[in-house]
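Thanks for coming. I have one structure to go through today, and I will take the overall picture before a few local details. Here it is.

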Amino acid sequence: MRSLAPGIKLITSFSRDSWYRFFILILTFVFYTTYHLSRKPISIIKSQLHRNCSDVIHPADLNITDNDTWCDWAPFDQNNYQNLFGVLDNCFLVAYAIGMFFSGMFGERLPLRYYLSSGMILSGLFTVLFGLGFYWQIHSLWYYCLVQALNGLVQTTGWPAVVACVGNWFGKGKRGFIMGIWNSHTSVGNILGSLIAGVYVSSAWGLSFIVPGIIIASAGVICFLFLVEKLERTVNPGKCLDSWITNHKRYDVANLATNGYRTVTVAFSCCQDRSKYHNVTIAKCAVFMLQGVVEFSLCLLFAKLVSYTFLYWLPLYIANVANFDPKKAGDLSTLFDVGGIVGGILAGLISDYSGGRATTCCAMLIIAAPMVSMLLWCGALVNGPYALITTAVSADLGTHECLRGNSRALSTVTAIIDGTGSIGMQGMWLFFFLFLSLILYLV
């Protein structure tokens, strides 16, 4: 008898549940990659919206009235262009921070597949609308602010939903390492977003938004067609109950009927959604009382401040300081995200081995302080704790034993932690505007 090919042996050696877990891990990785892919273009096109027009060769048939701003895009063609860029970013981030706290509540009550897919499609729509401003010749700041704010709101659907899905499929054993690898979608999305936006930024910057918008909307359709929220939904309920009764012979069918509601719930817990029997949503105040939620939320507040400062302003800073063109500045800024991939995996591995999530975060953030000028190392040391807190830590707290198996609570805990971290970004913008105002006053 001929033996099976090595590849087939490898495939058949994994159980159906293992393949489902791998499939869900890949799907959610792709989904959140597209979320960050659609956020990145705004940082790439900033240096294109306001340039040094005296260094740009203008078309011969163009009638120039102002040699300094003819190549800029109004309303970002004036000296206050940095303030306007800050307003754009703030519209997205304020809406994102506020919406994240409500997103957890919706994530508890709605099917994650519908919630995630609708959020991705709407996010694609608003990203495309921003890019269409180029082709529709829109020069109103209010239009771009409104689109950014709406995009910030719908983007809050992503993080609680994907973390809840992954948390439902994976236990705590290797959660830090698995989620460390999985969380590289943030950096991969930033890198791809930079590269895609860089292709079109100098020729037609509208496509820098339209292409990512189409990608995330397409991913939303895939999510609707293929996402499975929980392991239980892939199992045959009849077989599951038969297996449970076989393994627990002291309970026969009569006992199940007379033993009360609680026994029946336990018998069906392996194969049906327990929320049918224990459908109690988690109040925000109760979640805040879980040990670690407040502490890790505040830690993320500062880590996210640094990470998003680099996300939105690093390409523009490189373009202005090093005099690089927008594409080269965007490509160089990806070093921070490359370091973030390594840092996320390393933080997860160390925390799994040591059992100290908080200690790992503390050590990496302290070391990160003197590394700010080194993009690769700074990305690893800042995004490592960022990734650990928003993935493994959120999943650990959201599946805490005191929540009594209510897996929907994972969405709420994740939203609270990420929402609190997003508030820190608003502090950064406030500091930035105060500092800029002081400089202008002194000048």
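A word on terms before the count: helices here are DSSP runs of H or I with at least four residues, strands are runs of E with at least two, and the numbering starts at the N terminus. By that rule, the chain has 19 helices and 0 strands. Please keep in mind that this is a predicted model.

Now the chain as a whole. How many residues are there, and what share of them is buried? There are 443 residues, and 51% of them count as buried. The accessible surface is about 20900 Å², and carbon and sulfur atoms account for 68% of that. As for contacts, take those between residues at least 6 apart in sequence: 80% of them join residues at least 24 apart.

Helix α3 covers residues 41-49, and helix α10 covers residues 207-226. Their axes come within 10 Å and cross at roughly 170°. An angle over 145 degrees counts as roughly antiparallel, and α3 and α10 are therefore roughly antiparallel to each other. Which residues make the contact? On the α3 side they are Pro-41, Ile-42 and Ile-45, and on the α10 side Ser-208, Phe-209 and Pro-212. Sorted by type, the residues of this contact are 5 nonpolar and 1 polar, with no charged ones.

The peptide bond from Ala-74 to Pro-75 is cis, with omega near 10°.

That brings us to α4 itself, residues 81-109, where Ser-103 is found. Is Ser-103 buried or exposed? Its relative accessible area is 1%, and the cut-off for buried is under 20%, so Ser-103 is buried. The side chain of Ser-103 also has a partner: it makes a polar contact with the side chain of Tyr-115, at 2.8 Å.

The last stop is Gln-137, in the loop between α5 (112-135) and α6 (141-155).

Notes:
Residues numbered from 1 in each chain as written. Predicted model: local features only at pLDDT ≥ 70, side-chain atom pairs only at ≥ 80, totals over all residues. Heavy atoms only, no water. Buried < 20%, exposed > 50% of the residue type's maximum accessible area, 1.4 Å probe, protein only. Contact = heavy atoms within 4.5 Å. Areas by Shrake-Rupley, 256 points an atom, 1.4 Å probe, with all protein chains shown as cover. Axes fitted to C-alpha atoms, helices over the stretch in contact; angles between N-to-C directions. Parallel < 35°, antiparallel > 145°, perpendicular 65-115°, else oblique. Nonpolar A, V, L, I, M, F, W, Y, C, P; charged D, E, K, R; others polar. Polar contact = N/O pair within 3.5 Å; in protein donor to acceptor, adjacent residues only side chain to side chain.
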